[in-house]
Amino acid sequence: MSAEVIYGKQLAENLRQEMKEEVSILHERGLRPKLVVVILGQDPASMSYVKGKQRASEKIGMDSDLIELPVDTSEQELLELIERLNQDETVHGILVQLPVPDHISDQKIIEAINPEKDVDGFHPENVGKMLTGQDTFYPCTPYGIMVMLKRADITIEGKHVVIIGRSNLVGKPVGQLLLNENATVTHCHSRTKNLRHHTKQADILIVAVGKPSIISGEDIKEGAVVIDVGVNRVDGKLTGDVDFESAKEVASHITPVPKGVGPMTITMLLHNTIKAAKRIHNG
Ligand code: NAP
């Protein structure tokens, strides 16, 4: 058996085309969704992410600003900037590229952003809403995974989902979103004993660790759905956390790296920004 490959890239392109049409309709109605991305310093990986976000916004005709600040910007200066963006009625989505330098508290920055403009879905108010099953901004990577599963017609209800990873960015929120959809969820992490015992029971296996080939075909139940979130660079090449070649012989569906989960993350950021604009506009 060779698994069906779920290409997030293709799905992301289709969704962005739909969003482009929606943005154009909103423009005609006088509403211009706008995303502002703030970055401190010139870390090449972070710069490449934020440029990608900006390019994607522009491609769907959405207004976007990139504010580049020096790495030694003080916490107070950053908080003041966020407050100005919170007050600015032309701005609907605010994203501060994380991590910020060590002299600034990530959590303070996340909490300073108006929850109505928190398109990353990291503000505790939005996390709490997600936890209690309310409509809100969901973190982009977990939300992208949910959309991929649904568009690939994969049933979630009643399935045993095993997630390797419990970060606030990916592992925990994707587990919560799946629980909200009636999956039975197991989280594994660095202290989990006998990882394979757990992964072998998964109907849906989500791997969000950041270690190349931590999972291979031998760790997967026959017919499982495998979602590889990992992004690693090995010998200059992008690779996931799953050994794709062996896994695809066992799984029923599998996401590749690149062209898998990655493109969905930015797409959901665009989605959240359009949603924020409409919510703010409608009061
Ligand atoms: P993270 O914060 O470093 O979390 C990694 C998780 O993996 C932790 O929960 C850790 O456990 C667990 N872990 C580490 N070693 C393990 C092991 N040997 N066995 C089992 N669990 C282990 O990373 P993250 O932010 O969640 O990101 C995970 C990966 O996804 C990274 O490769 C990242 O680049 C990628 N990513 C991709 C996208 C995308 O758009 N494609 C978006 C975000 C992240 P402990 O909690 O016990 O430390």
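## Basis of the model

This is a predicted model, in which local features need pLDDT of at least 70 and side-chain atom pairs count only at pLDDT 80 or more, while totals for chains, interfaces and linings use all residues. Residues are numbered from 1 along each chain as its sequence is written, and side-chain values use heavy atoms, with hydrogens and water left out.

## Domains

The protein is divided into domain 1 (30–114) and domain 2 (140–262). The bounds come from an automatic or database domain assignment. Taken over C-alpha atoms, the two domain centres are separated by 29 Å.

Strand E7 covers residues 204–207. Strands (E, at least two residues) and helices (H or I, at least four) are DSSP runs, numbered from the N terminus. In a regular strand the side chains alternate between the two faces of the sheet. In E7, Ile204 and Ile206 point one way, and Leu205 and Val207 point the other way. All four are buried, where buried means under 20% relative accessible area, exposed over 50% and partly exposed in between (1.4 Å probe, protein chains only).

E7 pairs with two strands. Two strands pair if DSSP finds at least two bridges between them. Strand E5 (residues 160–164) runs parallel to E7, joined by four bridges. Here Val162 stands opposite Leu205. Strand E8 (residues 225–228) also runs parallel to E7, again with four bridges. On this side Val207 stands opposite Asp228.

## Glu218

Glu218 lies in the loop between E7 and E8. Glu218 counts as exposed because its relative accessibility is 54%. Leaving aside neighbours within four places in sequence, Glu218 is in contact (heavy atoms within 4.5 Å) with Arg196 and Lys200. Val100 is 118 residues away along the chain, and the C-alpha atoms of Glu218 and Val100 are separated by 39 Å.

## The second largest pocket

The second largest pocket has a volume of about 260 Å³. A pocket is an open set of points on a 1 Å grid over the protein atoms alone, where a 1.4 Å probe fits, with protein on both sides within 12 Å along at least five of seven lines. The volume is the space filled by probe spheres set on the points, which are joined across faces, edges and corners.

This pocket is lined by 15 residues, and those closest to its centre are Thr239, Gly240, Val242, Phe244 and Val257. A lining residue has an atom within 4 Å of a point. Strand E10 (237–239) and helix H9 (244–247) each supply at least two lining residues. E10 gives the most, with three. The lining divides into seven nonpolar, four polar and four charged residues. Ala, Val, Leu, Ile, Met, Phe, Trp, Tyr, Cys and Pro count as nonpolar, Asp, Glu, Lys and Arg as charged, and the others, Gly among them, as polar.
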